[in-house]
Amino acid sequence: TPACCCCFCCCSSSPAFVPPPPLSSNYGARLQRRSVYTLFDSVMEELRAMRKRRNNRISAASNMGLLNEELVEDRLVSRSLQKGLLLEFKKDSDRMLLAVAQRPDGKKNWMVSDQNGATSSIKPQQVTYIVPGIDNFDQADIADFIKKVQDNMDPSLLEFAWVELLEKNKSVTVEELAKIIFGSAEPLESYSTHLLLSRDEIYFTVLETKGSRSIYGPRPSEQVEDLIRSKLAKEAAEKELQEFLKLLVSAKSMASQDKPPKFSWMDDEKIRRRIEYLEAYAVDSYQNDEHRKTAGMILKAMGLAKTASSAANLLVDIGYFPVHVNLELLKSGTPTEHSEEIISVGQALLSDSSDPDENIRKDLTDLKVYAIDVDEADELDDALSATKLQDGRIKVWIHVADATRYVQPGSIVDREAMRRGTSVFLPTATYPMFPEKLAMEGMSLRQGDLCNAVTVSVVLHNDGSIAECSVVNSVIKPTYMLTYESASELLHLNLQEESELRILSEAANLRLNWRRQQGAVETATLEARIKVSNPDDPEPSIKLYVENQADPAMRLVSEMMILCGEAIATFGSQNEIPLPYRGQPQSDINVSEFAHLPEGPVRSFALVKVMRAAEIDFRKPARHGILGIPGYVQFTSPIRRYLDLLAHYQVKAFLRGEPPPFTSGKLEGIAAVVNERFKTVRKLSNNSLRYWMLEYLRREPRERRYRALVLRFLKDRIAALLLVEVGLQASTWVSVGTQVGDEILVKVEESHPRDDIICLKEVIKQ
């Protein structure tokens, strides 16, 4: 029988479908108006009319019921499998195939030849439909049969039949429905009807199933309304998704300079929402499972794996993320901007010229003051002065920026600083704990300006121990702002006019020797620092600095900071001030066991591996075994570290004759929160530094060779190395005979910053 599409033939005794009389008067006009009204509107209009008519006959319909129980068994009789039958079977969860039954395979299974020419054994329960009216079908004709069936796939035929069957409250088998919509239950029409029903999600539902045969009933009009509405919404969403995917594909194909800017993805709300879902997926911070599924669906549609790295790479490819986007920064939730409110309050504090400690500030502007820091430092917290007393002892002043001149405990600026916990220093940017202008123009020490400070003065015994110490509010006028490099150069020149700097160096040496005698553990090593300009560029400028912590200027500053920490711990203990006293018990380290290792990075690395974590006591000092001092309080960075600021609050209150604002218990609670934040920032800083070190190495010539110190062996001949010129730790195989502490040459085979992968290879000396 030839296939019929959207027409009703009279090739069987059953009449083709004719719309029932209640619909006929307006039906043609409604069909013509489909170009004006949406399918949804027209169907909803018809449904409302039908519902009204059905309500008038509801009692009669309910007595009849959809299923005639006496006839169900007869209507569900299945044909037994036999050779030559054309059947549909479930190949797997996603595929249905047509096949011809060939022969039994065991007691229940059958061998079939499917539409792809493959022969396989199937179970009876895999059969989903046996095409009626066929006894000896040729497998070679399946393709032509499928083509004819596809010509019949008009879903609107089901809509017409559903209207009639709903009016009559009648159920149907596949063949009965084929007679209604095609006027025939021949093989082609029956299978076409089966496929239409299989794909239908709106008009019909399965009422009863036995084997491969089912009885279908029309869904209630209310349910059809909901399903149509849901289908249209799904289709609209799919259309929006396809349009979004086209945007992604287009942006990916553009040259980097032509890609749309980030803000352009934010103009349209629906596009912005999908981009935000992808961004959340990239950093594992999606708000709910629906957002995760949407992002995963986009990645799958783009042919990408459903992983965070795929999402990040996609956003890079379309230009939304810069090539070197800091995913760790996004994941950590680190704030990169201050709110307008905080900035406004900070500006008001700058404009307030009042100083609560004006009457008790000591004028120290006659001292020569050295501020020594890295060359790009924005916030200068501390500076140094020194002189020799008449008895030959050294007196040192450690001047610390007086941040509490502008901020008080519990204020809005203080609460924001506590939330941040610390300033964040990355190779690409600095995110200050305080609003930038307040920190830079108000709190920070500035060369040649009168600056408020908290000054810790210490007189040293000739052996380097503390003879006396005091803490005062002060006014200073910094003389020099020096980098470590320039300070080291001045020390090397040994200029007579910079005698104060030489005295500071002498004091640092005294202190180092004294601490060593007290059991201090030497951990100086190489430390890398990177500055990246224009980080949003695909190839930004990278400046790498490798600093030796044993450098004279770095040693000088480090010793003075430790001295200040010991002095504040002593001052706090003498005056019973609750402070974050840091201790580190190291009684179990026998430094002599490491004497065979070369002094410097190799020995320091070995010692650090066995060190115990620091502890904080908020009531009294605890010995700091690593530093070799009886007590230690971090005090020299109140603009950068919140715990230092807490110590300032406590000490400053004592200097005013007031009780400290925080009890030891309160300090402990605040410190617990701040330290967690500090750990997050430290991880972020370390990972960011390592990323840019690997990017630096990726760009270097492949033929470059690097000196590397062997720190330890991880397994067999795999050694942990320290690249001397880069300050980077990595690992590789080393030749037999190499020992810990040896220096070897390596080259970089591969460097992948995004994946944190670096492959080194030892260069064997000829």
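**Helix contacts and nonpolar cores in a predicted model**

Helix α10, which spans residues 269–282, packs against helix α12, residues 308–317, at an angle of about 130 degrees, and their axes lie 7 Å apart. Axes here are lines fitted to C-alpha atoms, for helices over the stretch in contact, and angles run from 0 to 180 degrees between N-to-C directions. The two helices α10 and α12 are therefore oblique to each other, given that angles under 35 degrees count as roughly parallel, over 145 as roughly antiparallel, 65 to 115 as roughly perpendicular and the rest as oblique. In passing α12, α10 makes a left-handed crossing, a term used if the near helix is turned anticlockwise from the far one by less than a right angle, with right-handed used if clockwise. From α10, the residues Ile275, Leu278, Glu279, Tyr281 and Ala282 meet Ala308, Ala311, Ala312, Leu314 and Leu315 of α12, where contact means heavy atoms within 4.5 Å. Sorted by class, the residues of this contact between α10 and α12 are nine nonpolar, no polar and one charged; Ala, Val, Leu, Ile, Met, Phe, Trp, Tyr, Cys and Pro count as nonpolar, Asp, Glu, Lys and Arg as charged, and the others, Gly among them, as polar.

This is a predicted model, in which local features need pLDDT of at least 70 and side-chain atom pairs count only at pLDDT 80 or more, while totals for chains, interfaces and linings use all residues. Residues are numbered from 1 along each chain as its sequence is written, and side-chain values use heavy atoms, with hydrogens and water left out.

Taken as a whole, the protein chain has 22 helices and 26 strands, these being DSSP runs numbered from the N terminus (helices H or I, at least four residues; strands E, at least two). Of its 766 residues, 47% count as buried, where buried means under 20% relative accessible area, exposed over 50% and partly exposed in between, with a 1.4 Å probe and protein chains only. Among contacts in the chain with a separation of 6 or more, 68% join residues 24 or more positions apart.

The largest nonpolar core holds 43 residues, of which Ile372, Val396, Ile398, Leu504, Leu556, Met560 and Phe635 touch the most other members; such a core is a set of buried Ala, Val, Leu, Ile, Met, Phe, Trp, Tyr and Cys residues joined through side-chain atoms within 4.5 Å. Helix α19, residues 552–574, supplies the largest share of this core, with 12 residues. Leaving aside neighbours within four places in sequence, Ile398 is in contact with several residues, including Val454, Val456, Met560 and Leu563. A second, separate core of 35 residues includes Met153, Tyr191, Phe204 and Val224.

Tyr191 also takes part in another helix pair, for the axes of α5 and helix α8 (residues 187–199) come within 9 Å and cross at roughly 60 degrees, and their contact includes Phe145 and Val149 of α5 together with Leu188 and Tyr191 of α8. The crossing of α5 and α8 is right-handed. Asn152, placed in the loop between α5 (142–151) and α6 (156–168), is buried, with a relative accessible area of 0%, and its C-alpha atom is separated by 9.8 Å from that of Tyr191, 39 residues apart along the chain. Asp141, in the loop between β5 (127–130) and α5, is by its relative accessible area of 40% partly exposed.
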